[in-house]
Amino acid sequence: MTNSVPIPNRLIVADAGMLSAANLKAIDDAGLRFIVGSRQTKAPNDLATYFTWNGTNTEDGQLVDTLTPRATVALNKNRTLTRAEPVWSPADHPHAWRAVWQYRRKRAVRDRETLNLQRNRAIRIIDGESKPKAARFVKTKGSTKVFDESGYDKAVGLAGWKGLRHEYRSKRDVGQRCRRVLS
């Protein structure tokens, strides 16, 4: 990409489903700037410090600037012992990227509606009222299908949160860009 498109200061913006971990690593290794959506399943780990100190009640528009691990490298487990979120820098956190998460009440309402539709579909499949296709919140134990209550509860608890991973160094610059992307 760098040879075929001679554009200075390139910025790659992508949804979480568009890039694999290997592609994201290649983009980072090439020194390209990026903003990539973060999968909601990363939220409990990325937002652990915030949830520890603030609970799950969040104001509309709340931004949390934190770290997210690169690939399979875990973050420091003791990071939740201090209230302040770590400030990302490539030198201090070589195994992490910066992550900005935002909670929006409007998004939470939409997410909960979608989750309830997925829950209802899962229950119809389990009860035999619908054709058994792969569905979120349906677990198979032996030959029996059961509802994944803990997975559903976890998803409902994260409704309204959206995250972005990136490598920006400037807090002011990333704040403006992320607010535009998250809104």
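Biologist: Where does F137 lie?
Modeller: In this predicted model, F137 lies in the loop between α4 and β5, the latter covering 138-141.

Biologist: Is F137 buried or exposed, and why?
Modeller: F137 counts as buried because its relative accessibility is 6%, and buried means under 20%.

Biologist: What is the phi of F137?
Modeller: Phi of F137 is near 75 degrees, which is a positive value in a residue other than glycine.

Biologist: Which residues does D148 touch, leaving out those up to four places away in sequence?
Modeller: With those left out, D148 touches F137 and K139. D148 itself sits in the loop between β6 (144-147) and α5 (149-157).

Biologist: And is D148 buried or exposed?
Modeller: D148 counts as buried, because its relative accessibility is 15% and the cut-off for buried is under 20%.

Biologist: What does the side chain of D148 reach?
Modeller: The D148 side chain reaches the backbone nitrogen of G151, at 3.0 Å.

Biologist: Changing topic, how many residues line the largest pocket?
Modeller: The lining of the largest pocket has 18 residues, and those nearest its centre are S38, Q40, D111, W161 and K162. Two or more lining residues come from each of β2 (33-38), α4 (105-126) and β7 (161-166).

Biologist: Which element gives the most to that lining?
Modeller: That is α4, with six residues.

Biologist: How much space lies in the largest pocket, and what is its lining by class?
Modeller: The largest pocket holds about 330 Å³ of space. Its lining has seven charged, seven polar and four nonpolar residues.

Biologist: Which residues make up the largest nonpolar core?
Modeller: There are eleven residues in the largest nonpolar core: A43, L47, Y50, F51, V64, A99, W101, Y103, A108, L158 and W161. Both α3 (48-54) and β4 (96-103) supply at least two residues of this core, and β4 gives the most, with three residues.

Biologist: What does A99 touch, again leaving out residues up to four places away in sequence?
Modeller: On that basis, A99 touches D46, V64, D65, T66, L67, T68, L164 and R165. Among them, V64 is also a member of the largest nonpolar core.

Biologist: How many residues are in the second, separate core?
Modeller: The second core has nine residues, including I12, I27, L32 and F34.

How values were computed: Residues numbered from 1 in each chain as written. Predicted model: local features only at pLDDT ≥ 70, side-chain atom pairs only at ≥ 80, totals over all residues. Heavy atoms only, no water. Helix = DSSP H or I, 4+ residues; strand = E, 2+ residues; numbered from the N terminus. Buried < 20%, exposed > 50% of the residue type's maximum accessible area, 1.4 Å probe, protein only. Polar contact = N/O pair within 3.5 Å; in protein donor to acceptor, adjacent residues only side chain to side chain. Contact = heavy atoms within 4.5 Å. 1 Å grid on protein atoms, 1.4 Å probe; cavity = no way out; pocket = protein on both sides within 12 Å on 5 of 7 lines; lining within 4 Å. Points joined across faces, edges and corners; volume = space filled by probe spheres on them. Nonpolar A, V, L, I, M, F, W, Y, C, P; charged D, E, K, R; others polar. Core = buried A, V, L, I, M, F, W, Y, C linked by side-chain atoms within 4.5 Å.
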